[in-house]
Structure formats: C-alpha cells, structure tokens
Amino acid sequence: MASLLLQEVLLDDGRAPRPLRADLRVRDGRIEALRRRPSEPALAPLQGEEVVRGGLVTPPLAEPHVHLDAALLAPRAPNHSGTLREGIANWARLRPTLTAQDLRERARRTVALYRGWGCLSIRTHVDTGSAVAVDALLALRQELAAEGTTLQVVAFPQEGILRAAGRQAAWARAVEAGCDAVGAIPHYERTAQEGHDSVRLAFDLAARLGLQVDLHCDETDDPDSRFLEQACALALDRDLGRRVVAGHCTSLHSQPNPYAAKVCALVAESQVQVVCNPLDNVVLQGRYDGYPRRRGLTRVDELWAAGACVGIGHDSVMDPWYPLGTANLVDAASMAVHVGHLTGRDQLARAVRTLWTDNHRCFGGPPPIAEGGPCRALWWEPEDPVEILRLRPAPRVLA
Ligand SMILES: [Zn+2]
C-alpha cells in the first residue's frame, strides 16, 4: 500500500476506555507512526502522500456467528413459510448435494462480502453432518489466513448429538479434524436430559483437546429451555468462562423475570459470552405466538446491566433460514437496537462498538493499533459510532 496519512482522526482502538485524537501514517501494511494529538507534534504530509483528515479509526469488525456452509443457498431452496422448521428441512435436503467446490465458492463469496464491510475475523459454524463441508471450511481457513482474514470453525451438530445413531461420531470426527470450537444444540435434543448430556459432552471434548466451546443455546421461545444456566455453571466449575460462547439464548426473552435476573448474573459471573443474532431471531422466533408476538431477542440490556459480555452476530447470509442478509454487521447491530429497545444514546454507541470490541472476544480481543505494528484497522467517514449505525457507510479497510 502507498503511504497514507490520517490526520486528526478519532482513534478508538477498542481497548482504551475513551477514543483519542491522533495522526497515523500507514505504509506497507504497518502503522509507521502514531502521534497523539495535541500532546505530540502533528505528522506532516510527505511528498505525494495521500492525506485523509478527520473521521474515525477502529479495529476491523469481527463476526462471532455465521454459517458459511449454508450461505447463499436460499435461492436454491426457497423457504415458503419463513419458519425455522422449513429451513431445517430444506437444509437437510440440500446438504447431501453439496460439493467441496460449491462450498468453497459460496464461502469465499460471502467472506468477500464481509471484507467489503470491514470484517476481517469470522467465526463460522459448520454442520458436522457433512464431512464435505467440514473439510472444505477447514481448508478455506488456511487459504484465508494467508490473505489476512481470520476464520474460526465451530463443529456444529445441526441435528443434535444424541438424537440418532452416528451423529455423535460425526461430530467428534469433525472436532478432531481440527475445528477451533466445539458446538452443541441442546434444545434440539430429544429430551431435556439429553440436552444437558450434550452440553456436558461438548465441554468434555473441548477440555480434552484444549478447544473453545460455542453452543447454539436455547434458540427457542420455550421458557423451560434452560441450558444457558448449565453452560455458565460448567464454565465456572472448570474455570473456562472466557472460552465459552452461548449463541442465541432466546428463551431468556420468555423466562420469568426473577429467573432471568439470576441467569444474567450467572452469565456475568461465569464470563461466558452471549452472542445474539437479531436478524434471524426476530423472524424465526414467535412463530407459535399469533398476536401479541414476542420479539425473540435475548435480553441484551439486562445482560449488559448485569455486567455480561454480549456479541452481535449476523448468523445468516441468504441461507435456508434467512433469505436476506448482506454480511454487513452494522445491519445486525441496527436490528438489535430496534428489537431490543437499545435506542438510548449510550446503548446505540455500545451496540455499534460491540462490532469492533466484544465481537473480537473469541479471537483473543481486537488487534492492537500501535506504532510499529501491523495495520489491521478501518477508517470511517463519520466520527460518531451512532452515525455509522444510522448511515451504514462502508469503511475503508486499512489492513
Ligand atoms: Zn447459528
């Protein structure tokens, strides 16, 4: 990259409590110079150097929850009812027809969409019912690393671990093939007891191989689906909290308030991260309700108030469950603030900052923005994160 001077930008490195004013020079993929303004002298432009003035510099966005194996498949099997049930049926029909080349092409196209919106770290779930999909995404992880995109792969048993013979073996084989995290889908197992057994199996396997845990947890309107508390208790007992993600957690929406208060406190204490997926859940939940119709998003405001770490995932990009989606995480944050009543000034800013702060948790935190280090950062024309949420501009990728 030719030399680029960013003058008087607001720098939010995703780590410091407050953004600071700074000049930065970026050259050959590195941050050659960083001056805090006004306490340090300004950087003067070099001859012929491109200069950008003002705006906001942040870490890249991170996607904590998507399904690249199913991405872009919606046109091949339209979901006529729009329901989760039909999505699962359509996916089950398509899955045996998928080839490694098809998987690779669709995943690559989707990753390119993410990159265009400034997202350079992606955690994908892969259905362990398809060895072809598992192998294709693990191979892609290596290719993308060489191109500056971090991919993590979660072994996700879409149809459960204990529901039928052979599923546990396929799931374990996928994990051992080299996945980064172990998944489970306890609310989809046949009984609550088998759901609890599946969570324990996931923690055991992750511990044995030194991997992270990432559950599809309580993605239902059923208030009796209570696997989040189990995940938190296991994380506490085994001191694993920062290595555990619980995705969706939509039953929390429908649970009695005293119980939900206990669980939110437990999530905070255990340091398990809850990742909400508002685009999918606002259309997939509440399908049995008639009217009034629940929103189906987990309790983001109450989790925040309890001190918990919450991520925001896009979940689906034109897949059997959600036919829309652009791979722009700001869309997901926008849906979260609408559905979750997060339109207070600080809540709006927090929702969009989540994309470059807490969404990096499973990747080890946002990449540092420091003089002399590699440059993995974004430049946004608006200085105010809330304006990013309102206008949804594409950032300039400085990496
Ligand atoms: Zn998912």
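These legends go with a set of close-up views of a predicted model.

**View 1**

**View 2. Where S8 meets S9.**
Zooming in on one pairing, strand S8 (residues 150–156) and strand S9 (residues 181–182) run in the parallel sense and are held to 2 bridges. Which residue of S9 is the bridge partner of Ala155? Look for Val182, which takes that place in S9.

**View 3. Helix H1 and its buried residues.**
Helix H1 spans residues 84–94, and its buried residues are Glu86, Gly87, Ile88, Asn90, Trp91 and Leu94. What covers them? Strand S7 (119–127) is part of the cover over the buried residues of H1.

**View 4. Helix H4 against helix H5.**
Here helix H4 (residues 167–176) packs with helix H5 (residues 192–209): their axes come within 11 Å and cross at roughly 30°. An angle under 35 degrees counts as roughly parallel, and H4 and H5 are therefore roughly parallel to each other. As for handedness, the crossing of H4 and H5 is right-handed. On the H4 side, the residues that meet H5 are Gln168, Trp171, Ala172, Val175 and Glu176. H5 answers with Leu201, Ala202, Leu205, Arg208 and Leu209. Sorted by class, the residues in this contact of H4 with H5 come out as 7 nonpolar, 1 polar and 2 charged.

**View 5. Helix H5 against helix H6.**
H5 turns up again, this time with helix H6 (residues 227–237); the axes are 10 Å apart and the packing angle is about 30°. That makes H5 roughly parallel to H6. Left-handed or right-handed? The crossing of H5 and H6 is right-handed. From H5, the contact draws on Ala192, Gly195, His196, Val199, Arg200 and Phe203. From H6 come Phe227, Gln230, Ala231, Leu234 and Ala235. The class tally for the contact of H5 with H6 is 7 nonpolar, 3 polar and 1 charged.

**View 6. Two cis peptide bonds.**
Pro38 belongs to the loop between strand S3 (30–36) and strand S4 (50–53). The peptide bond from Tyr291 to Pro292 is cis as well, with omega near -5°. Pro292 is found in the loop between helix H9 (278–284) and helix H10 (300–306).

**View 7. Leu72, with a positive phi.**
Most residues other than glycine have a negative phi. Leu72 is not glycine, yet phi is positive there, near 70°. Leu72 lies in the loop between S6 and H1. Buried or exposed? The relative accessibility of Leu72 is 12%, so Leu72 counts as buried, the cut-off being under 20%.

**View 8. His248, with a positive phi.**
His248 is another residue other than glycine with a positive phi, here near 80°. Where is His248 placed? His248 is in strand S11 (residues 244–248). With a relative accessible area of 1%, His248 is buried.

Terms used. Residues numbered from 1 in each chain as written. Predicted model: local features only at pLDDT ≥ 70, side-chain atom pairs only at ≥ 80, totals over all residues. Heavy atoms only, no water. Axes fitted to C-alpha atoms, helices over the stretch in contact; angles between N-to-C directions. Helix = DSSP H or I, 4+ residues; strand = E, 2+ residues; numbered from the N terminus. Parallel < 35°, antiparallel > 145°, perpendicular 65-115°, else oblique. Left-handed = near helix turned anticlockwise from the far one by under 90°. Contact = heavy atoms within 4.5 Å. Nonpolar A, V, L, I, M, F, W, Y, C, P; charged D, E, K, R; others polar. Buried < 20%, exposed > 50% of the residue type's maximum accessible area, 1.4 Å probe, protein only. Pairing = 2+ DSSP bridges.
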